[in-house]
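Here's a quick briefing to read with the model open. Have a look first, then we'll go through the helix packing.

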Amino acid sequence: MPSNMFSSSSNSPKPPLIFPLLTTLFLFLILSATSTAAQSFSECSDQFRDMISTNRTTPNCRKLTTLKAEFGWTISRNKTTTVEVFFGAQLDDDEGWLAWGVNPGERPQMIGTRAMVGIKYQNKSFGVDTYNITRDTKIGCQLRPSKLDEDGVIFSNLKIQNRSDFVVISATINLGFEYNILGLHQVWQVGNKANEKGPEKHPTTLQNVDSTETINLNTNIGRGVGQHRRHLRTVHGILNILGWGTLLPLGVILARYFREFPFKWKYWFFAHINIQIAGYTLGTIGWAIGLVLGHSSRYYTFRIHRILAIFIFTFTTLQMLALRLKPESKDEYRKYWDMYHHFLGYALLALISVNIFQGIAIFRPDQTWKWAYIGVLGALAAITLAFEIRTWVKFIKEQQQQKNEQDSRKQVAEVGGAGAGAGAGGVGSGGGGGGGGSGPSSDIPSAAPGEMQ
């Protein structure tokens, strides 16, 4: 079976360290693509457009960046700025709610938002009202309807309509001087629980957390506060899946199957080291980006994902220190170090897979990441299975070949021993016959036992 995978021959030629160079180039391309990517918005769906249009007007509309929500508006100017707004989202559960509002503060955020909330009750009835989102909401206080006449914004003509569980709420809002339609801070949300008193707490996925933006209603251009974070999350996910989840397992596969058995490749050690360094570099950069994202998250944290990530980075760093700190092959405690190194390596691979799925779960409801990583794991499993089958087939064949050779030598030895005994008996008989050299014993060649040996 395969022996220690982390030692190398000093006489092995050293190919160039190309993997770290390719890693740097790949990282540069990712960061360049994501840093220059512009936030794009698609037009609203036909269903939403039909629900908000009238014979007289067709409002501006667009899809929002999260929760599969859509937003429409029509501006009219009198003494104050009046905007007719429409907000729609899918409510597939038996109960739920959707909300849209504006924030007069310096940035779009939940606290301080003046909102309209439409509720779908369990009895299939619907209702809509206005709410002032205060800090009490974050500590679990029940959200209750409130009039907003004295808050610089007036909601009127509130309506709610439903078509195949796609719910649209609308209102006419008069904006005070605190609000600017060239940079309106809008906040939206969707929840799946409600009671007779009002909406209950919404989920805390990234889709819910990122549901804010500043929009110019004249140009239909929006800038999400979470736009930069979404790009960083994409880079974070790609680097971790490629580094921790793909390259590190490939390096282990190469070391296990190409050192001596079943395949012997003279460059295995340095290819193994290059792949591991590349994977560790990408994974570490992804981990650092994760720390930045966690530090910038004011209102939420993903504790399990964070703890597992720190554990993985710490002990993978210990594994990489083996490049310099591993004991010599002649040291008497080298075999115990090998056991520790192998066990920790395989345990880390399992833990890495668990944490990648933890991170993917945070991206709900997007399943693209999940199936992409399942494909990566499937490919790695297929490669490992193929090499493992080849290893055992070759091992069994060699064992059988060795057994056959041993049996053959044993048979030859037995035949040789029998010939030697017969030859000795013939010589004795000839001597006793008083010189009968032409007897049967003379037919046995005296050199035959010597040739058998």
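Is the crossing of helix 6 and helix 8 left-handed or right-handed? The crossing of these two helices is left-handed, a label used when the near helix is turned anticlockwise from the far one by less than a right angle, with clockwise giving right-handed. Keep in mind that this is a predicted model, where local features need pLDDT of at least 70, side-chain atom pairs count only at pLDDT 80 or more, and totals for chains, interfaces and linings use all residues. Residues are numbered from 1 along each chain as its sequence is written, and side-chain values use heavy atoms, leaving out hydrogens and water.

**Whole protein**
- The protein has 10 helices and 13 strands, taken as DSSP runs (H or I, at least four residues, for helices; E, at least two, for strands) numbered from the N terminus.
- Of the 453 residues, 39% are buried, where buried means under 20% relative accessible area, exposed over 50% and partly exposed in between (1.4 Å probe, protein chains only).
- Take the contacts (heavy atoms within 4.5 Å) between residues at least 6 apart in sequence: 66% of them join residues at least 24 apart.

**Helix 6 with helix 8**
- The axes of helix 6 and helix 8 (residues 334-362) come within 9 Å and cross at roughly 150°; axes are lines fitted to C-alpha atoms, for helices over the stretch in contact, and angles run from 0 to 180 degrees between N-to-C directions.
- Helix 6 and helix 8 are therefore roughly antiparallel (over 145 degrees; under 35 is roughly parallel, 65 to 115 roughly perpendicular, the rest oblique).
- Helix 6 brings residues including Leu308, Ile312 and Phe315 to the contact, and helix 8 brings residues including Leu344, Leu348 and Leu351.
- By class, this contact has 14 nonpolar, eight polar and no charged residues; Ala, Val, Leu, Ile, Met, Phe, Trp, Tyr, Cys and Pro count as nonpolar, Asp, Glu, Lys and Arg as charged, and the others, Gly among them, as polar.

**Helix 5 with helix 6**
- Helix 5 (residues 268-296) packs with helix 6 (residues 303-320) at about 150°, with the axes 11 Å apart.
- That makes helix 5 roughly antiparallel to helix 6, and their crossing is left-handed.
- Among the residues that meet are Tyr280, Trp287 and Leu291 in helix 5 and Arg306, Ile310 and Phe313 in helix 6.
- Eight nonpolar, five polar and one charged residues make up the contact of helix 5 with helix 6.

**A look at Ile310**
- Ile310 sits in helix 6 and counts as partly exposed, at 36% relative accessibility.
- Its C-alpha atom is 10.0 Å from that of Ala288, 22 residues apart along the chain.
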